[in-house]
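Hi,

Please find the structure below. My notes on its helix packing follow.

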Amino acid sequence: MKEVQVDKFLFFLKVELNYSELTIKSYQLDLTDFFGYIESKKINYLTITNHDVRGYLKYLDSCNLKNSTISRRISTLRTFYNYLVDENIVEHNVKNPKLEKKLPNYLNYNEIEELLESIDISTTEGLEKRLLIEMFYSTGCRVSEMINVKISDIDFTNKTIRKR
């Protein structure tokens, strides 16, 4: 039964949603992995619960997958279950749990000091590097903001930079 539903779903993606072959192949692989998991846990895909989905997410996390891969697999499940709801095969879609967002890495004060001290400021290039690093550290601005700063944006008297 599930193989028939998956085949119909993949055909739906191709014909109705005009998904690329690569996307359809990704969905197929995601569903193969999902069905392998729920079959190992003796879970019926037609009566899956939110608790079961959380278990699957824990399994994915234990596989050390990237958040983007886990997110895609959740999207695959949501799309598949939307299809099953639309076809009156199941009554409700799976819930979409929030993914943990990873915090960016940062340098501590001593690492910044070490980095700044390692720059040879006796050259123009060294001075430019030091200026850029000090500006990043002290302002928290983005690279795109830094590269768009013009001399006319700098107020040397008040020691400020303002984008006009």
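A crossing is left-handed if the near helix is turned anticlockwise from the far one by less than a right angle, and right-handed if clockwise. Helices are DSSP runs (H or I, at least four residues), numbered from the N terminus. Axes are lines fitted to C-alpha atoms over the stretch in contact, and angles run from 0 to 180 degrees between N-to-C directions.

This is a predicted model: local features need pLDDT of at least 70, side-chain atom pairs count only at pLDDT 80 or more, and totals for chains, interfaces and linings use all residues. Residues are numbered from 1 along each chain as its sequence is written, and side-chain values use heavy atoms, without hydrogens or water.

First pair: α2 and α3.
α2 (residues 21-40) packs on α3 (residues 50-62) at about 110 degrees, axes 11 Å apart. The two are therefore roughly perpendicular (65 to 115 degrees). The crossing is right-handed. From α2, D30, D33, F34 and Y37 make the contact (heavy atoms within 4.5 Å); from α3, D52, G55, Y56, Y59 and L60 do. Five of these residues are nonpolar, one is polar and three are charged. Ala, Val, Leu, Ile, Met, Phe, Trp, Tyr, Cys and Pro count as nonpolar, Asp, Glu, Lys and Arg as charged, and the others, Gly among them, as polar.

The axes of α5 (residues 109-117) and α6 (residues 124-139) come within 10 Å and cross at roughly 165 degrees. That makes the helices roughly antiparallel (over 145 degrees). Their crossing is left-handed. Y109, I112, L115, L116 and E117 of α5 meet R130, I133, E134 and Y137 of α6. Here six residues are nonpolar, none polar and three charged.

Best wishes

Note on methods. Angles under 35 degrees count as roughly parallel, over 145 as roughly antiparallel, 65 to 115 as roughly perpendicular and the rest as oblique.
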